[in-house]
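Trainee: Could you take me through how pockets, salt bridges and surface patches are read in a model of this kind?

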Amino acid sequence: MEYLDNIFFAVILAIGVGYFALNVKKLMRNIKLGQAVNRSDNPKARWNNMLMIALGQSKMVKRPVSGIMHILVYVGFVIINIEMLEIVIDGLFGTHRIFAFMGGFYSFLIGSFEVLAVLVLVAVVVFWARRNVLKLGRFASTDLEGKPKSDANIILYFEIVLMTLFLLMNASDFWLQQAGASHYVSAGSFPVSHFISPIFNGLNEGTVVLLERTFWWMHIVGILIFLNYLYYSKHLHILLAFPNTYYADLNAKGKLDNLESVTREVQLMMDPNADPFATPATTDAVPAKFGASDVMDLNWVQLLNAYTCTECGRCTSSCPANQTGKKLSPRKIMMDTRDRLEEVSRNIDANKGVFIPDNKSLLNDYITTEELWACTSCNACVEECPVNISPLLIIMDMRRYLVMEQSAAPQSLNAMMTNIENNGAPWQYNQMDRLNWKSE
C-alpha cells in the first residue's frame, strides 16, 4: 500500500503519454497520404526559418499587441511546464520537490514560474475578451462558427485552469512549509502564491495537505488531458510550427512551380531536332492527374500546413479578395483541407487501414470553385501567416485540376487562353490587325 500512489501515478502517466503517441502516429500517417515533394535543400536557410519564425516568433510581432501577448503565453506556458520534470519524478518515486537541493537557483526558477503564470493569466484573459467581448473582425467571421469557436475558448479555459492550479498548488505547499509539515521541505521562492496562502489560514494541517495533493493531481492530469486534446485542436501548431517552418517553400513569393511533364512537352515542341513521335522515357510519363481535387493529390507539406494552421485569421484579414466581399477566406481553405483529411483518416480507420472511396472530395464538397477563382494570387496570406503556411499553393493546385482535367476555367479565362492560342495575344484581334489603331 505504501507505493500505491506511485503505481497509480505511473499508470496515469503511461496512459496519457501512450495515447498521445498513438495520436502522433496517426498524424504522421495522415500527412504521409500526400504526394512526395523534396524539401531537403538549403538546410541552413531552413534551420534559420525554424529558429526565427517558430521559436523566435518573428512574424507574430508584426501585430505588436497580440504578438507580444502571444509570446508571453507561449514562453510562459512552455517554461512553466519545465516543472513537469520535477512533478514526474516526485510522482514516480514519492519524493517532494526533488530539485530543492539547487538552493538559490531553484528559488529563482520557482519565482520566475510564478511571475510568468500571472502574465499568462493576464494575456489569456485579454485574448478571451478580444474573441468574446470585443469580437474582433477576424474572430467573428463565419469561418469560426461552431467547433472552431468553441475550440479556441476551450484552450483559453484550459490555460486559465492550469495556471490557477499551479499557483494554488504552490500556495498550499508554501503554507505547509511555513507550518513545518512533515515531507514538505522548505524550498522555493513564492513571490505570487505567498499572497494566496492566507486563504488556508484557519484550516488544519491535514485539510491543507489534502488540498495541496488535490491541486497537484489536478494539475498533472490537466496537463496530460491538454496534451492529448492538442490533436483535435488548432493548438496542434504548438508542436507542428517547428517542422512546418523548416519544410516551408524557400522560393521567392510569387514563383509558382511548373509541372515537369508540361515543361518537357513545351521543350519538345521548341526543339527543332526532337522527334515528336518518339516514345517518351519512363521518367517523362504523364502524371495520373494534373492538379488536385482531393487531399491525397496535395503534397505532404501542404497537408502538414493544414494541421499547423492556427486559425488566427491574419491571412483572411489581409486577403484583398475577402476584403472586397468575395467568398474566399484563406483560413477556411486550410481548415477545410484539415477537415477533409480528418474525414479520410476516419475512413481509413474504419476500413482497417484502407481508404474506401466515399464519393466526396476536397473540391466542391468542401471548397467551391467560386472561392478558388476569387484568389488574386497576390501572396498576402502567405506573407501574413505567422508559421509560414501557404494557402495559395493549395488554391493553385486545385485551379490546375479545374483547368487541365475538367476544362472548367471561367469563361473570361477560357477566352483569353483561346486568344493566346489563336492570335498569340490575350486579345481577340488577329495579329495582322494588331496595329490598326495607329491609323485610327
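The talk below takes up a pocket, then salt bridges, then a surface patch.

Mentor: This is a predicted model, in which local features need pLDDT of at least 70 and side-chain atom pairs count only at pLDDT 80 or more, while totals for chains, interfaces and linings use all residues. Residues are numbered from 1 along each chain as its sequence is written, and side-chain values use heavy atoms, with hydrogens and water left out.

Trainee: What volume does the second largest pocket have, and which residues are closest to its centre?

Mentor: Rolling a probe the size of a water molecule over the atoms shows where empty space is left. A pocket is an open set of points, on a 1 Å grid over the protein atoms alone, where a 1.4 Å probe fits, with protein on both sides within 12 Å along at least five of seven lines, and lining residues have an atom within 4 Å of a point. Here the second largest pocket has a volume of about 870 Å³; of the 37 residues lining this pocket, His70, Glu159, His235, His237 and Ile238 are the closest to its centre. By class, the lining holds 24 nonpolar, seven polar and six charged residues.

Trainee: How many salt bridges are there, and which residue does Asp143 pair with?

Mentor: A salt bridge is a side-chain nitrogen of Lys or Arg within 4 Å of a carboxyl oxygen of Asp or Glu, and the count by this rule comes to 20. Asp143 pairs with Arg331, their closest N and O atoms being 3.6 Å apart.

Trainee: Which residues make the nonpolar surface patch?

Mentor: Tyr3, Ile7, Val11 and Ile15 make a nonpolar patch of about 420 Å². Patch residues have over 30% relative accessible area and no salt bridge, and nonpolar side chains (Val, Leu, Ile, Met, Phe, Trp, Tyr) are joined within 5 Å, like charges within 9 Å. Ile7, placed in helix α1 (residues 4–31), is exposed at 52%.

Notes:
Areas by Shrake-Rupley, 256 points an atom, 1.4 Å probe, with all protein chains shown as cover. Helix = DSSP H or I, 4+ residues; strand = E, 2+ residues; numbered from the N terminus. Buried < 20%, exposed > 50% of the residue type's maximum accessible area, 1.4 Å probe, protein only. Points joined across faces, edges and corners; volume = space filled by probe spheres on them. Nonpolar A, V, L, I, M, F, W, Y, C, P; charged D, E, K, R; others polar.
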